[in-house]
Amino acid sequence: LLAVTAPAGTRPDSSGRWPSEPSPAGDGQRGASGERIGDMGSGWGSSITITQTAERMTVEYVFFARGDMQPPLRFVFALDGAETKNSVMMGRGIQAQTSKTAWEGEKLVITTTHSFANPETGQPLTSEVKQTLALESPTSLIIETTRSSVLGGPSSTTRTAYKKL
């Protein structure tokens, strides 16, 4: 028998188009317009496209409806642990996000800090979202997302399974 191993320093490549799989607990609650409510999933939507090189990962997903004529949201992350900044225009202005990545074995952990103003006092606040990406197989991506508590609310963790097209 001959064993073949990947070269040292090679990391899993999550590139591809990834629609999410239905939740085993059911489809969740639906709002008046049919959208899912109550589970924020990975935070990146039900279908994501990932492009990955040795230096960076780009995640894109459609957020707006077709009639809004907006491009997909696009987030770029440096894979060497360097700080990256992404901004999106939402609601009343630009929302800035600062992220850092770290490899934990074969898993990629993206920790993102979101800055916002306290709605009651106007004081600046931050919240943290940690997304752990793990390839269970070449066609199965799991994203576990942990959101810190904000304004006295509880922290939460969700697990979203994606199946590669």
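Which residue stands opposite threonine 51 in S5? In this predicted model, the residue that stands opposite threonine 51 is threonine 58.

Read from the N terminus, the elements accordingly run β-β-β-β-β-β-β-β-β-β-β-β. Of the 165 residues, 29% count as buried.

Threonine 51 and threonine 58 face each other across S4 and S5, two strands that run antiparallel and are joined by four bridges. A hairpin of three residues connects S4 to S5. Both strands belong to an open sheet of four strands, ordered S1-S4-S5-S6 and paired in the antiparallel sense. Strand S1 (16–19) and S6 are the edge strands of this sheet; each has a single partner strand, so one side of each is left without a neighbour in the sheet. On average, neighbouring strands here are turned by 20° against each other, direction ignored.

The remaining pairings of this sheet can be followed residue by residue. S1 and S4 run antiparallel and are joined by four bridges, and proline 19 has serine 47 in S4 as its bridge partner. S5 and S6, also antiparallel, are joined by six bridges. Here glutamate 60 stands opposite arginine 74 in S6.

A search of the whole structure gives two aromatic pairs. In one of them, the rings of tryptophan 44 and phenylalanine 77 have centres 6.0 Å apart and planes at 40°, so the pair counts as tilted. Tryptophan 44 sits in the loop between strand S3 (36–37) and strand S4 (47–52), whereas phenylalanine 77 is in strand S6 (residues 73–78), so the pair ties together parts that are 33 residues apart in sequence. Tryptophan 44 has a relative accessible area of 4% and is therefore buried; phenylalanine 77, at 2%, is buried too.

Tyrosine 61 and phenylalanine 75 make up an aromatic pair that is stacked, with 6.2 Å from centre to centre and 15° between the planes. This pair also links distant parts of the chain, since tyrosine 61 is in strand S5 (residues 56–61) and phenylalanine 75 is in strand S6, 14 residues apart. Tyrosine 61 and phenylalanine 75 are both buried.

Attention now turns to the other sheet described here. Six strands form an open sheet in the order S7-S8-S9-S10-S11-S12, with antiparallel pairing. Strand S7 (84–90) and strand S12 (156–163) stand at its edges; each has a single partner strand, so one side of each is left without a neighbour in the sheet. Neighbouring strands of this sheet are turned by 25° against each other on average, direction ignored. S7 pairs with strand S8 (residues 93–104) in the antiparallel sense over seven bridges, and within this pairing methionine 90 stands opposite glycine 93 in S8.

The loop between strand S11 (140–147) and S12 holds a residue worth a look on the screen, leucine 151. Most residues other than glycine have a negative phi. Leucine 151, although not a glycine, has a positive phi of about 50°. Its relative accessibility is 54%, so leucine 151 counts as exposed.

Terms used
Residues are numbered from 1 along each chain as its sequence is written. This is a predicted model: local features need pLDDT of at least 70, side-chain atom pairs count only at pLDDT 80 or more; totals for chains, interfaces and linings use all residues. Side-chain values use heavy atoms; hydrogens and water are left out. Rings of Phe, Tyr and Trp (its six-membered ring) pair if their centres lie within 6.5 Å; planes under 30 degrees apart count as stacked, over 60 as edge-to-face and the rest as tilted. Buried means under 20% relative accessible area, exposed over 50%, partly exposed in between (1.4 Å probe, protein chains only). Two strands pair if DSSP finds at least two bridges between them. Axes are lines fitted to C-alpha atoms, for helices over the stretch in contact, and angles run from 0 to 180 degrees between N-to-C directions.
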